[in-house]
Amino acid sequence: MFYVLLAASLLGAAGIQYAINGFSVLACLWQFPLLTAGMMVGLVLLFLLVLFVSTLFVDPKKMVEKPSAYFRFMLNQFCRLALFLGGVRVHVTGLEQVPRKSRFMLISNHAFAFDPLIYYYAMPWADLAFLAKKESFSIFVVAQIMREVLCLPLDRENDREALKAILKAIQFIKEDKCSIAVFPEGGTNRTEEDLLPFRNGAFKIAQKANVPIVICALVNSKAILKNMFRRHTDVYLDVLAVIPPEELEGLKTVDIGNRAHGILLEGLRKRKATLATQ
């Protein structure tokens, strides 16, 4: 998206430059860069305006049963643009392990509120829908977009409502509407611990939908906000393992959770140790 906007800005600036006073060398030295920057800002604002206006036609409380290809496209493009403008460089390893032609359940650690943007950027083809805390669905614009791409609100204080969300996630996977992503820590990790204990109920999704569990580690996303517009932030996304569905049969969710927790914790510590030696 950024390069499309940049190309459009250059072409637009060139057209305006020519209309004003042709391509005189002196004018090009100062007018053309300013015109290009102005066009770029204008196009970014236009994209955001279009996205905002689009959400006005969405009921933020209505349960959506069919994913919107339009909002999925706009979300993916927004993530690419936001990370570029924010100076975020995402380094991905192990992406070849992620299924391309079938659905799956993705789990990850959760250190920063914008972590889902990293996954939409890295896996635009995966049609991810996050199982997210219900409070996220009270944020204007965010709620509309999340619902349109089949994200589901999870009420962590109400077991009955949480079960409804899990059953709906299973349904979406079985109907081939999306893959489900979960942060099994239950929220953003604001502690000094590498990984919090898991809430294991969500692993029922993979068991009942008969899909693999993709285990991912995300490191340094917490630095994005601190570094934004000041310097680049290197974020590391490592796909650590894929547990096939046949290995989940007959297991208790706590056993699945313990296995996934161990893999993820080891992956996080390994990545952090590698960065510490660089």
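Where in this structure is Y70 placed? Y70 sits in helix α3, which covers residues 69–85.

## Basis of the report

The model is predicted, so local features need pLDDT of at least 70 and side-chain atom pairs count only at pLDDT 80 or more, while totals for chains, interfaces and linings use all residues. Residues are numbered from 1 along each chain as its sequence is written, and side-chain values use heavy atoms, with hydrogens and water left out.

Helices (H or I, at least four residues) and strands (E, at least two) are DSSP runs, numbered from the N terminus.

## Nonpolar surface patch

Y70 counts as partly exposed at 38% relative accessibility. Buried means under 20% relative accessible area, exposed means over 50%, and partly exposed is in between (1.4 Å probe, protein chains only).

Y70 belongs to a nonpolar surface patch of about 880 Å², together with L46, L49, V50, F52, V53, L56, F57 and F140. Patches are made of residues with over 30% relative accessible area and no salt bridge; like charges are joined within 9 Å, and nonpolar side chains (Val, Leu, Ile, Met, Phe, Trp, Tyr) within 5 Å. Accessible areas come from the Shrake-Rupley method with a 1.4 Å probe, and for residues only the protein chains shown count as cover. Helix α2 (residues 25–55) gives the most to this patch, with 5 residues.

## Packing of α3 and α4

Two packed helices are described by the angle between their axes and the distance between the axes. The axes of α3 and helix α4 (residues 115–122) come within 9 Å and cross at roughly 110°. Axes are lines fitted to C-alpha atoms, for helices over the stretch in contact, and angles run from 0 to 180 degrees between N-to-C directions.

The helices α3 and α4 are therefore roughly perpendicular to each other. Angles of 65 to 115 degrees count as roughly perpendicular, under 35 as roughly parallel, over 145 as roughly antiparallel and the rest as oblique. On the α3 side the contact (heavy atoms within 4.5 Å) is made by R72, L75, N76, C79, R80 and L83. On the α4 side L117, I118, Y120 and Y121 take part.

## Salt bridges

Side chains of opposite charge can pair when their charged atoms come close. The whole structure holds 12 salt bridges, each being a side-chain nitrogen of Lys or Arg within 4 Å of a carboxyl oxygen of Asp or Glu. One of them joins D155 and K134, with the closest N and O atoms 3.4 Å apart. D155 lies in the loop between β4 (152–154) and α6 (159–174), and K134 in the loop between β3 (128–133) and α5 (142–148), so the pair ties together parts that are 21 residues apart in sequence. D155 is buried at 14% relative accessibility, whereas K134 is partly exposed at 41%.

R271 and D238 form another, with the closest N and O atoms 2.8 Å apart. Because R271 lies in helix α9 (residues 253–276) and D238 in strand β7 (residues 233–243), this pair ties together parts that are 33 residues apart in sequence. R271 is buried at 15% relative accessibility, and D238 is buried at 5%. Salt bridges that share partners also join R72, R103, D127 and D176 into one network.

## L240 in strand β7

Strand β7 also contains L240, which is partly exposed at 26% relative accessibility. Not counting residues up to four places away in sequence, L240 touches Q97, I215, A217, I263, L264 and G267. L240 and L264 are 24 residues apart in sequence and 7.2 Å apart in space, C-alpha to C-alpha.
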